[in-house]
Amino acid sequence: RFHCFWTMKAVILIGGPQKGTRFRPLSLEIPKPLFPVAGQPMIEHHIEACIKVPEMQEIILIGYFNDCEPLRRFVQHAQKKFRVPIRYLQEYESLGTGGGLYHFRDQILKGGLDEFFVMNCDVCCDFPLVEMIEFRRNHAPDAVITMLGTEANSKQAINYGCIVEDSETHEVSHYVEKPETFVSNVINTGIYLLSFKVFDFMKNVFEENYASGLEDPGSQKDTIRLEQDVLAPLSGTGQVFVYKTNRFWCQIKTASSTIYANRLYLAKSQRDSPDLLESPSEKNIIGDVRIHETAEVDPTAKLGPNVYIGPGVRVNAGARVRESIILDGAILDEHCCVLHSIIGWNSRVGQWARVEGFPCDPNPNDPLARLASDSMFNEDGRLNPAITILAKDVTVSREIIVLNSIVLPHKDLSFSYKNQIIL
């Protein structure tokens with residue numbers, strides 16, 4: 001295998017406060033990229049993968065969070081932790097998935113860069129980045145875009161960007177973003193390895209947008225959509241290739257999807273860093289469980305599988321937690337039960353109370369099934385079955401049951417609720 005690497009950079013697209021609305025109420029308290037999944041901010045999993053690439057020179061975050069103190073603190077912390085330069089470049093407005101890249105092209109290419117990674121922040125993945133580099137250099141050295149692809153079943157594939165490839169060369173002959181009818185089982189994961197030549201094509205797109213903007217002053221002439229404006233037109237020209245992976249991958253579009261992503265990343269920790277997890281030999285630990293060092297867990301509480309207990313959390317005697325994320329400062333009182341739920345910052349679940357959501361896993365009998373991205377509401381205007389979310393500073397009184405509900409911040413629940421949004 002070919003193991004020669006040049007200087008590399010990675011760009012992570014993190015969006016902004018107008019994005020991630022489907023992530024509420026969790027994004028009311030913290031920017032979506034910083035939400036903890038399996039004990040680490042969502043974006044930190046991307047950074048961990050990037051620093052494993054040889055000669056990683058710099059990691060650039062592009063988004064339009066304005067004067068965001070939590071993001072600034074995270075960047076400072078991450079630079080110290082990973083010992084690699086990390087910068088946040090702020091767009092003056094939302095410029096699309098390609099507009100920010102083009103706007104900051106000089107910053108990205110500084111240092112004579114030949115190629116660089118681009119990845120969306122809202123994906124959970126095993127990140128085969130080194131394999132993508134080797135694929136490009138061994139099989140597609142002239143590729144302008146090398147995409148990471150995976151497979152989905154025919155029903156769900158239309159919810160993603162669909163890729164038609166040559167099965168021998170892996171050249172992309174056709175690309176459609178969220179087609180109305182079935183095109184291909186191979187889908188776009190939102191992770192790319194781009195050549196510097198991509199900016200030549202983006203320049204043409206920008207000039208066309210600018211020319212049309214003179215005729216239509218209301219158009220967004222600075223916006224470039226990487227998928228529709230760049231990927232689709234370049235497909236079939238011999239410049240776009242796909243590297244397919246069968247490793248785990250899912251999108252993190254909604255708050256509900258974090259529970260499934262939490263499970264995937266905890267399993268990855270069990271494989272790569274088992275010291276981060278609790279020993280399954282412990283009497284009341286089942287499967288993959290990560291507990292922050294400052295949390296207090298009574299030895300009679302039963303945790304797992306797939307549980308994260310955050311900083312300063314207190315889990316009292318007899319509590320049961322499964323398939324859940326318990327955020328900073330939360331308290332689980334004696335004999336309460338938390339299943340398929342997110343318990344928000346400084347929230348409290350009372351004695352013998354039950355907080356339970358509905359598991360939203362892919363179909364286990366279909367190897368190509370992906371996490372469903374259904375609407376939050378059904379045709380009758382009721383909540384579809386999903387996980388239960390308690391936002392910040394919510395108190396559930398003793399012996400209360402909360403099922404399949406979303407509770408906004410600063411609420412005291414003294415009655416039981418089912419299938420409701422509590423404003």
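Start by selecting helix α1 (residues 42-50) and helix α2 (residues 69-82), which pack at an angle of about 30 degrees with their axes 12 Å apart. Axes here are lines fitted to C-alpha atoms, for helices over the stretch in contact, and angles run from 0 to 180 degrees between N-to-C directions. That angle makes α1 roughly parallel to α2; the label covers angles under 35 degrees, with over 145 roughly antiparallel, 65 to 115 roughly perpendicular and the rest oblique. The crossing of α1 past α2 is right-handed, meaning that the near helix is turned clockwise from the far one by less than a right angle. Show side chains for Ile43, Glu44, Ile47 and Glu48 of α1 and for Phe74, His77, Ala78, Lys81 and Phe82 of α2, which make the contact (heavy atoms within 4.5 Å).

A word on what is loaded: this is a predicted model, in which local features need pLDDT of at least 70 and side-chain atom pairs count only at pLDDT 80 or more, while totals for chains, interfaces and linings use all residues. Residues are numbered from 1 along each chain as its sequence is written, and side-chain values use heavy atoms, leaving out hydrogens and water. Helices (H or I, at least four residues) and strands (E, at least two) are DSSP runs, numbered from the N terminus.

Stay on α1 and colour by accessibility. Eight of its nine residues are buried, where buried means under 20% relative accessible area, exposed over 50% and partly exposed in between (1.4 Å probe, protein chains only). Among them are Met42, His45, His46 and Cys50.

Next, select Glu115 in strand β6 (residues 115-120). Glu115 counts as buried, at 2% relative accessibility. Its side chain makes a polar contact with the side chain of Arg136 at 2.6 Å; such a contact is a pair of N or O atoms within 3.5 Å, and within protein one must be able to donate a hydrogen and the other to accept it, with residues adjacent in sequence counting only if both atoms are side-chain atoms. Beyond four places in sequence, Glu115 also touches residues including Thr7, Lys9, Ile133 and Leu194.

Move on to Ser184, in the loop between β10 (172-177) and β11 (186-195). Is Ser184 buried or exposed? Ser184 is buried, with a relative accessible area of 10%. A polar atom of its side chain lies 2.6 Å from the backbone oxygen of Ile163, and the side chain of Ser184 also reaches the backbone nitrogen of Val186 at 3.0 Å.

For a contrast in setting, pick Ile158, in the loop between α6 (154-157) and β9 (161-165). Ile158 is partly exposed at 26% relative accessibility. Leaving out residues up to four places away, Ile158 touches Lys178, Pro179, Glu180, Thr181 and Phe182.

Now for the sheets. Select the open sheet of six strands, ordered β16-β19-β22-β25-β28-β31 with parallel pairing; two strands pair if DSSP finds at least two bridges between them. The edges are β16 (302-303) and β31 (417-418), each with a single partner strand, so one side of each has no neighbour in the sheet. Zoom in on Val321 to find its bridge partner Val338 in β22.

Finish at the open sheet of seven strands, β14-β17-β20-β23-β26-β29-β32, again with parallel pairing. Its edge strands are β14 (289-291) and β32 (421-422).
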